[in-house]
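Please keep the sequence and the structure in view while reading.

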Amino acid sequence: MDRLTTMSVFVKAVELGSFSAAAEALSMSPQLVGKNVSTLEQHLGVRLINRTTRQHSLTETGRHFYERAKIILAEVDAAESFARQVHLKPRGHLKINAPVTFGINALAPRLHLYLQQHPDVSVELKLTNRMVDLIDEGYDAIFRVGELADSGLMAKTLAPYRLIAAAAPAYLERAPVLEKPEDLTQHQCLIFSHTSLRTHWVFAGAGGKVTVPVCGRLTLDSGEALISSAVAGFGVVMQPAELVEPYIAAGKLVRILADYQVPTRPLHILYAPDRRMTPKLRSFLDFTSEAFG
């Protein structure tokens with residue numbers, strides 16, 4: 001006995017109200033519909049439908065079984081749909097959101113690789129440091145740096161986000177001694193207006209973690225603008241590695257407090273908990289794991 005087939009025939013007969021209507025919908029004879037229902041009843045050992053010459057009616061057990069059978073068949077359809085979608089070619093439009101500095105310096109330079117791999121997908125990348133709403137604003141996926149709040153979204157963990165503290169050689173020549181994190185209280189710190197970097201910086205040394213309150217005369221909401229100010233010699237900056245390292249390599253900035261590490265920050269990509277994930281979103285999640293995992 002094919003349990004799913006008999007269950008499907010039973011559900012169709014209940015939905016349409018008769019064996020003959022179910023037979024027409026399923027392209028089989030009314031006799032075969034009746035046989036499937038009878039086989040199911042024999043397997044279960046209970047009567048599901050009361051039959052008379054004029055009408056059929058569900059038994060109490062039949063009503064309960066019908067409600068559960070509908071859910072089971074819907075789950076089977078969803079599982080089959082998911083399996084088919086995995087092998088479909090990604091196509092369509094992806095709307096992505098990311099923090100500005102990460103988007104400009106890490107994500108955008110790699111997006112052409114994804115687009116080359118998937119020529120039938122287009123990507124719209126929006127960059128902002130505010131906390132966007134994935135559902136209300138219609139995003140397929142969003143990148144988040146830092147600890148996650150409970151949002152009900154699915155989260156894929158990527159490689160931790162590295163930060164570097166640096167300053168221009170000209171600034172360090174005239175500024176107070178900078179040998180340990182606590183010395184930063186005597187320095188002009190260039191403040192990033194988003195995240196906890198606005199109020200304190202954290203370092204890790206031989207004695208454990210050190211949290212230093214920071215302040216400065218210049219607060220900006222752009223990592224790129226902070227770097228420009230640091231290069232101009234206005235103060236000390238703490239920003240992502242991919243933004244700072246090119247300036248260190250060029251000699252325009254110098255890494256400070258080399259004996260201390262700046263703890264990394266979590267990086268995730270978030271998406272809606274949809275069990276019918278589209279091939280385009282699945283392909284992008286796979287790409288981010290390869291690029292940033």
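L94 stands opposite V123 in β4. This is a predicted model, in which local features need pLDDT of at least 70 and side-chain atom pairs count only at pLDDT 80 or more, while totals for chains, interfaces and linings use all residues. Residues are numbered from 1 along each chain as its sequence is written, and side-chain values use heavy atoms, with hydrogens and water left out.

Strand β3 covers residues 92-98, and because five of its seven residues are buried, the strand is largely enclosed by the rest of the structure; buried here means under 20% relative accessible area, with a 1.4 Å probe and protein chains only. Strands are DSSP runs of E with at least two residues, helices are runs of H or I with at least four, and both are numbered from the N terminus. Seven bridges join β3 to the parallel strand β4, residues 121-127, where L127 is the bridge partner of A98. Two bridges join β3 to strand β5, residues 141-145, which also runs parallel to it, and there the partner of I96 is A141.

Five strands form an open sheet of mixed pairing, in the order β4-β3-β5-β14-β6, where two strands pair if DSSP finds at least two bridges between them. Since β4 and β6 (154-161) stand at the edges with a single partner strand each, one side of each is left without a neighbour in the sheet. From one strand to the next, the twist averages 20 degrees.

Helix α5, residues 100-117, makes a right-handed β-α-β unit together with β3 and β4; right-handed means that, with the strands pointing away from the viewer, the path from the first strand over the helix to the second runs clockwise. The helix lies across β3, β4, β5, β6 and β14 (265-271), and runs at about 175 degrees to β4, the angle being taken from 0 to 180 degrees between N-to-C directions of axes fitted to C-alpha atoms, for helices over the stretch in contact.

## Helix α7

Which residues of helix α7 (residues 223-231) are buried? They are G223, L226, I227, S229 and A230. Seen down the axis of α7, these buried residues fall within an arc of 160 degrees, so they line one face of the helix; the arc is that of the directions from the helix axis to the C-beta atoms. The buried residues of α7 pack against α5, β8, β11, β12 and α8, contact meaning heavy atoms within 4.5 Å.

Definitions and conventions:
Buried means under 20% relative accessible area, exposed over 50%, partly exposed in between (1.4 Å probe, protein chains only).
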